[in-house]
Amino acid sequence: EETKSVGESLNYKITGIDPGAGIMEATEKVIEEYELKDWELTTGSGSAMTASLKKAYDKEQPIIVTGWTPHWKFAKYDLKYLEDPKGVYGGEEQIRTIGRLGLADDLPEAHKILSQFKWTEEDMGEIMVAIQDGEKEDVAAQNWVDANKDKVAEWTNGVEKVDGDKVNLAYVAWDSEIASHNVMTIVLEDMGFKVTLTQVEAGPLWTAVADGSVDASLAAWMPVTHKTYADKFEGEFEELGVNMEGVKIGLVVPEYMDIKSIEDLNN
Ligand code: PBE
């Protein structure tokens, strides 16, 4: 009797997310550089990916997903990153806040809050897990804001309240970005802004910041994940600062799978 290879047991499929995500481009590069010839990356969405992960995990079946940290899946399941000896995924990176050109002049108070926004994986994790446990997105964010007044006070330090100025924030429906943008919406509204949250794909998000049709986004993963977008729109947006350190992307599998490295996918 033959034992199936990892590839055979998975039909050579890596479960991806939305096509515009940086991790999708990085994973295509992984397939190329590790010469994973028979493998293919499926497209879907962040929520379809976690649904597939849950389905496989509950039955202890093999699965490989495009994954990232911070993400609630690591709190809910025993998972591991596959080693990436070629460093295609780039190691630790940052989430940065980006704004349209002219934001500092037009909305100086919003510009200041967005530039002062900085939190941790644990902060974001509390909101992500609450949402995953069934809390509404805005309620989970409000609960976090209520419990973390000291942090919010740092972001709004030196900022004067405004009277209904409009701010438009763009985000992609990734669990990490759902958490951050819901928090920022509340923080800006408490300072007197009227906030519109616009959910888009990654490409349109970068385009919208660059052409000024939205004011800002907290969703720029740098320097690797969104490099293609950042290069494409160089000079057409302002970097407002790092809002989280030590984030990461890669291929993620359940601990029960008997592989350790991306290189094992060729066995
Ligand atoms: N992600 C989450 C995004 C950035 C944030 C890793 C799915 C991406 O790949 O573009």
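Lysine 166 touches Lys194 and Thr196, with residues up to four places away in sequence left out of the count; two residues are in contact if their C-beta atoms, placed from the backbone, lie within 7 Å. This is a predicted model, in which local features need pLDDT of at least 70 and side-chain atom pairs count only at pLDDT 80 or more, while totals for chains, interfaces and linings use all residues. Residues are numbered from 1 along each chain as its sequence is written.

Lysine 166 lies in strand β6 (residues 166-171). Strands (E, at least two residues) and helices (H or I, at least four) are DSSP runs, numbered from the N terminus. Lysine 166 counts as exposed because 12 other C-beta atoms are within 10 Å; the cut-offs are 12 or fewer for exposed, 20 or more for buried, and partly exposed in between, with C-beta atoms placed from the backbone. Glutamate 189 is 23 residues from lysine 166 along the chain, and their C-alpha atoms are separated by 9.7 Å.

The protein is divided into domain 1 (6-91 + 249-266) and domain 2 (94-246), with bounds from an automatic or database domain assignment. Taken over C-alpha atoms, the centres of domain 1 and domain 2 are 27 Å apart. Domain 1 puts 19 residues into the contact and domain 2 puts in 18 residues. On the side of domain 1 that touches domain 2, the elements giving two or more residues are α2 (22-33), β3 (65-69) and α4 (73-76). The most come from α2, with four residues. By class, this side of domain 1 has nine nonpolar (Ala, Val, Leu, Ile, Met, Phe, Trp, Tyr, Cys and Pro), three charged (Asp, Glu, Lys and Arg) and seven polar residues (the others, Gly among them).
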